[in-house]
Amino acid sequence: MKLQSFTLIIITIIGLLACNQKPSADTEKKTPPNIIYILTDDMGYGDLSCYGQQTLSTPNIDKLAAQGMLFTQHYAGSSVCGPSRAALLTGKHTGHTSVRGNAPAGQLLKPDEITIAEKMKEAGYHTALFGKWGVGHPPALDDPAQNGFDYAFGYINMWHAHNFYPDFLYKNGEKVMLNNKQTSESYEKFSEEPEGRGVAEVRNDYAPDLFQQDLLSYVENQKDNPFFIYYALNIPHANNEAGYLTGDGMEVPSHGEFASKAWPEPEKGFAAVMQKIDQYVGEIEAKLEALGMAENTIIIFTSDNGPHQEGGHQVDFFDSNGKLRGAKRDLYEGGVRIPMIAKWPGKIKPGIKSEHISAFWDILPTFCDIAGVSTPSGIDGISFMPTLLGETGKQIKHEYLYWEFYEVGGKQAIRKGNWKYVKLHVRDAAEPVAELYDLSKDIGEENNLIEGNEDLALEMEKLLNQAHQPVDFISLFSEDEANAETKF
Ligand SMILES: [Ca+2]
Ligand SMILES: [Ca+2]
């Protein structure tokens, strides 16, 4: 009898322990972290103070870096918007994505291509896009929904996204009118162009502010479900059309504290826009804190390509590319190496700098790992989850990174270890030129080491051929399709 009671007590205790453990295991399984991926537009490697910016300061983004991990060798998918975003969403580099450039028309994500948003949905996330879609040309008005986004508010085509005071935006494929009005001059000039492109004379609703407000209220409404936010801000990009009409494409509601600076007007605008980005990041952090969600949310902050020199802004004015060579449309480091900061409380150790070599096509498999779903086959990306968790010994490395670019004569580039191979004029009348740099000693790509390293150059040529998969709408090696150039 005594033994029976004892056994009963033991069984009860074991049962209670099991009950105690079960809910916590379930809770962990049911609440994967929210993901907020903030993609700025044309922000360079040197634009943030945590990456060495000297004139402007970005205190909120610096704080994010201090609380998380700063990547020194992260790369965009391409050196312009459309293909970079396609590489991001599909986990494939530009030798494999179905979107290779901003032009010509006829290139779009294909229905059978699996996107990050589709994988996040599979993992039970609610998925939302705020800002600029701009993937392929010409995208359908519900293209974000066709590619896995439950909610989408912003611009669909990338030329519309030049205009910071547009007449309208799109919410879930439906037009939403704003309290702005284009100038008649801009209507005349750009009426044949992709919808929404132009310059406003009546300026009330600054689109990035609308995205920010909408995002903050979305976070409040979604606080009980895991969510994936793709925040594709269209700043500090220029309104190129305003650049042509007025000489100043850096549209922003106010120059604020920079108004009295002895700087050209577009540079005051650039400074004010960078400050806005930093404030937005601070507001998102504050909102997550207020809702008690900061601990279970991973924030990644990055840019879609190198710094622009458009709308009157000069790359050198604030040294937007830092020590790197080149800018947007280059395959030199300045065109594709970009800041990336990741904060994940309790998982990523604070204040770490990682030199792991990674690229946009690694985001999809990394997010699959975070959400606990399988990674699709046939992609180029490698999850950098081990790096985030500090398990660097487990991190698989890329054999090489690859980019191809159809504008400005056509270019290809490879990064293999510390070697960078850049090939120019692959599709115009000029003779192709190949250059080789050792990034470990020459981050600014100043000393071309191709002479004397012919064997290595041959190996790189083999990799170029291996990485490039031809597509039917354009050839990388023929200049016949002259409209590969982006229209400004
Ligand atoms: Ca861009
Ligand atoms: Ca520089």
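**Nonpolar core**

In this predicted model, the largest nonpolar core holds 120 residues. The residues with the most contacts inside this core are Ile38, Phe130, Ile229, Tyr231, Ala342 and Phe367.

- Helix α9, which spans residues 265-290, supplies the largest share of this core, with 10 residues.

**Helices α7 and α9**

- The axes of helix α7 (residues 207-221) and α9 cross at roughly 10° and come within 10 Å.
- Because angles under 35 degrees count as roughly parallel, α7 is roughly parallel to α9.
- On the α7 side, the contact is made by Pro208, Gln212, Leu216 and Val219; on the α9 side, by Lys276, Tyr280, Glu283 and Lys287.
- By class, this contact of α7 with α9 has four nonpolar, three charged and one polar residue.

**Histidine 398**

- The loop between α12 (385-388) and β14 (401-405) contains histidine 398.
- Histidine 398 counts as buried because it has 20 C-beta neighbours inside 10 Å.
- Leaving out neighbours within four places in sequence, histidine 398 is in contact with Ile357 and Ile382.
- From C-alpha to C-alpha, histidine 398 and lysine 343 are 23 Å apart in space, and they are 55 residues apart in sequence.

Notes. Residues numbered from 1 in each chain as written. Chains lettered and ligands numbered in written order. Predicted model: local features only at pLDDT ≥ 70, side-chain atom pairs only at ≥ 80, totals over all residues. Core = buried A, V, L, I, M, F, W, Y, C linked by C-beta atoms within 7 Å. Buried ≥ 20, exposed ≤ 12 C-beta atoms within 10 Å, placed from the backbone. Helix = DSSP H or I, 4+ residues; strand = E, 2+ residues; numbered from the N terminus. Axes fitted to C-alpha atoms, helices over the stretch in contact; angles between N-to-C directions. Parallel < 35°, antiparallel > 145°, perpendicular 65-115°, else oblique. Contact = placed C-beta atoms within 7 Å. Nonpolar A, V, L, I, M, F, W, Y, C, P; charged D, E, K, R; others polar.
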